Amino acid sequence: MRVAILTFDGFNELDSFVALALLNRVPGWRAGICGPGETLTSMNGVQVAVQQGIEFAEEADIVLVGSGVRTLEVVSDTKLMARLRLDPVRQIIGAQCSGALVLAKLGLLGDVPVCTDVTTKPWAIAAGARVIDAPFHAAGNVATAGGCMAAHYLAAWAIARGAGEEVARTVIDYVAPVGEKAETVARVMGVVGPFLG
């Protein structure tokens with residue numbers, strides 16, 4: 001599986017890096033930071049090299065859109081948004097927090113419930129999204145997660161959809177805190193499990 005972690009300047013490190021680390025633990029998968037330009041700077045000043053150009057998102061099997069402090073600028077940039085072509089029939093697509101605004105702008109959310117963070121909530125509602133107070137929701141091949149610490153829900157869902165629930169359980173078990181592995185796996189899979197049917 002080819003995975004694009006769609007990332008923009010001002011990105012939240014937790015969203016992009018947690019998803020990147022978890023998805024790259026799946027044997028045979030290759031996840032990379034995908035975005036415009038050659039480098040990106042996070043909301044806390046961390047600079048990273050882009051591993052794939054933004055157009056790679058169209059080719060990827062899985063696309064996860066992280067959040068950031070400049071997402072409103074991103075979705076207002078018509079030239080940048082025109083470079084994004086995602087297909088929920090063929091791709092597994094997810095967004096975290098303000099990343100949901102990108103999916104809304106691309107017309108991928110429809111009227112399904114959307115999860116996002118409290119800062120993004122009014123903007124998502126203004127964009128026509130029906131925001132719910134939950135950490136994770138998916139409808140078919142499109143999912144949203146709300147809150148920085150919900151990155152593992154989005155990653156676990158994508159792994160389960162692409163490689164099966166047992167692989168997702170194995171990855172979450174590996175990264176879970178020592179002494180809390182069984183509880184963490186049960187909690188994460190309990191949240192995403194209802195959306196895997």
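**Entry 1: Thr7 and its surroundings**

I started with Thr7 and looked up its contacts, skipping neighbours within four places in sequence: Thr7 touches Ser16, Ile33, Cys34, Gly35, Pro36 and Leu40. A reminder to myself that I am reading a predicted model here.

Next I checked where Thr7 sits, and found it in the loop between β1 (2-6) and α1 (13-23).

Is Thr7 buried or exposed? Its relative accessibility is 1%, and buried means under 20%, so Thr7 counts as buried.

Then I turned to the polar partners of the Thr7 side chain. One of its polar atoms lies 2.8 Å from the backbone oxygen of Ile5. I also noted a polar contact of 3.2 Å between the side chains of Thr7 and Ser16. Ser16 was on my contact list for Thr7 as well.

**Entry 2: helices α7 and α9**

I moved on to a helix pair, α7 (residues 151-163) and α9 (residues 181-192). Their axes come within 9 Å and cross at roughly 70°. Angles of 65 to 115 degrees count as roughly perpendicular, so I put α7 down as roughly perpendicular to α9. I recorded the handedness too: the crossing of α7 and α9 is right-handed.

Which residues make the contact? From α7 I listed His152, Tyr153, Ala156 and Trp157, and from α9 Arg187, Val188, Val191 and Val192.

Note on methods: Residues are numbered from 1 along each chain as its sequence is written. This is a predicted model: local features need pLDDT of at least 70, side-chain atom pairs count only at pLDDT 80 or more; totals for chains, interfaces and linings use all residues. Side-chain values use heavy atoms; hydrogens and water are left out. Axes are lines fitted to C-alpha atoms, for helices over the stretch in contact, and angles run from 0 to 180 degrees between N-to-C directions. Helices (H or I, at least four residues) and strands (E, at least two) are DSSP runs, numbered from the N terminus. Angles under 35 degrees count as roughly parallel, over 145 as roughly antiparallel, 65 to 115 as roughly perpendicular and the rest as oblique. A crossing is left-handed if the near helix is turned anticlockwise from the far one by less than a right angle, and right-handed if clockwise. Contact means heavy atoms within 4.5 Å. Buried means under 20% relative accessible area, exposed over 50%, partly exposed in between (1.4 Å probe, protein chains only). A polar contact is a pair of N or O atoms within 3.5 Å; within protein, one must be able to donate a hydrogen and the other to accept it, and residues adjacent in sequence count only if both atoms are side-chain atoms.
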